[in-house]
Amino acid sequence: DAWSIILFVLGYLLLALVALRILCVLYNIFVPYVLCGCRRDLHARAGAKWAVITGATDGIGKAYAMQLAEQNFNVFLISRTQSKLNDTMKEISTRFPSVKIMTRAFDFTAPTYEDYQPLINELSTIKVGILVNNVGMALDCPEVLHEVEGGRPALARISTVNTLPVLMMSSAVLEQMVTRKKGVIINVTSGTALNEMAYWNVYSAGKHLKGYVGTLHIFGPMQVETMSFLEPSPEKYVRSALRTVGVVSETTGYISHQIQVRRQAI
Ligand SMILES: NC(=O)c1ccc[n+]([C@@H]2O[C@H](COP(=O)([O-])OP(=O)(O)OC[C@H]3O[C@@H](n4cnc5c(N)ncnc54)[C@H](OP(=O)(O)O)[C@@H]3O)[C@@H](O)[C@H]2O)c1
Ligand SMILES: *[C@@H]1O[C@H](CO)[C@@H](O)[C@H](O)[C@H]1NC(C)=O
Ligand SMILES: *[C@@H]1O[C@H](CO)[C@@H](O)[C@H](O)[C@H]1NC(C)=O
């Protein structure tokens, strides 16, 4: 009768939906990391020789600086501490002597456009092909808003660092990238942006902004620390993440993280 036909059709539709969902998930894992998981020539996409990296003297940012220098990009390094910038510069120039390096000490907790003006002027003097919006701060530990360690000053710093730099830096380099019709922007976000996470509000919300405002390329790393499949070193993580540039516009950057996230999607 009519009912069994309707149920029959609905059943098949449901199955098709589930199959589609699973296919999507597999696609998201296999295309960037298995099928297209080879090293990419970023120069064609970047269209200019300089790579600008925020928070470039430690962890993920430093790994981006090293590997972009390895790919023969000139690097413009930004972080707070000049001595760390000098050390990183020395390390890069020893390993890759032909690469040009510029450094600038800048504290991204700076809250106004005027604070950025000198930095933005300096950026306009070089041809920027790649911008890595890496700098970010997390809460030391998740906590209800009024009991966050460091109090309101910490809340102000964290929300500023996780939101303003990506807006100021991206809009500044986009001017030249759009004219050139080439360029790569990598937003380093976080797994916390994917889910609503209790007590991580300022951090997670800031990472949301980086991830969902728009256009070019975002990476959301999960945990990066020790040498293992689940938690790669920053070097291993960045090597994998750079291979996805131009293949997908939004990804975790690392296959085991991608599997974790996509599994949640099912
Ligand atoms: N590590 C992880 O497992 C993980 C997971 C998810 C997301 N992420 C995200 O990945 C990004 C990098 O994380 P990471 O763990 O590699 O960071 P990290 O090891 O703490 O490195 C921080 C870098 O940023 C600089 N920096 C810190 N605060 C700054 C400020 N206010 N102004 C300018 N520079 C500043 C530091 O140099 P100075 O101290 O000299 O300024 C250093 O070069 C962040 O956006 C983070 O949220 C990391
Ligand atoms: C960094 O290097 C520059 C020159 O390369 C030097 O003038 C400056 O004193 C150094 N700064 C620190 C803090 O080591
Ligand atoms: C990266 O962040 C900037 C600033 O929010 C945004 O304009 C850009 O579209 C973001 N990229 C992606 C892929 O979301």
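Biologist: What conventions apply here?
Modeller: This is a predicted model, in which local features need pLDDT of at least 70, side-chain atom pairs count only at pLDDT 80 or more, and totals for chains, interfaces and linings use all residues. Residues are numbered from 1 along each chain as its sequence is written, chains are lettered from A and ligands numbered from 1 in the order in which they are written, and side-chain values use heavy atoms, with hydrogens and water left out.

Biologist: How many salt bridges are there?
Modeller: The count is four, where a salt bridge is a side-chain nitrogen of Lys or Arg within 4 Å of a carboxyl oxygen of Asp or Glu.

Biologist: Which residue does Lys62 pair with?
Modeller: Lys62 forms a salt bridge with Glu91, at 3.0 Å from N to O. Lys62 belongs to helix α3 (residues 59-70) and Glu91 to helix α4 (residues 82-95), so distant parts of the chain, 29 residues apart, are linked. Helices (H or I, at least four residues) and strands (E, at least two) are DSSP runs, numbered from the N terminus.

Biologist: Changing topic, which residues are around ligand 2?
Modeller: They are Gln82, Ser83 and Asn86, each having a heavy atom within 4 Å of the ligand. An oxygen atom of ligand 2 is 2.3 Å from a side-chain N or O atom of Asn86.

Biologist: How much of ligand 2 does the protein bury?
Modeller: The protein buries 30% of the 360 Å² that ligand 2 exposes when taken alone. Accessible areas come from the Shrake-Rupley method with a 1.4 Å probe; for residues, only the protein chains shown count as cover.

Biologist: Finally, what makes the nonpolar surface patch?
Modeller: The patch covers about 1100 Å², and its residues include Trp3, Leu7, Phe8 and Tyr12. Patch residues have over 30% relative accessible area and no salt bridge; like charges are joined within 9 Å, and nonpolar side chains (Val, Leu, Ile, Met, Phe, Trp, Tyr) within 5 Å. Leu7 lies in helix α1 (residues 2-35) and is exposed at 56% relative accessibility.

How values were computed
A polar contact is a pair of N or O atoms within 3.5 Å; within protein, one must be able to donate a hydrogen and the other to accept it, and residues adjacent in sequence count only if both atoms are side-chain atoms. Buried means under 20% relative accessible area, exposed over 50%, partly exposed in between (1.4 Å probe, protein chains only).
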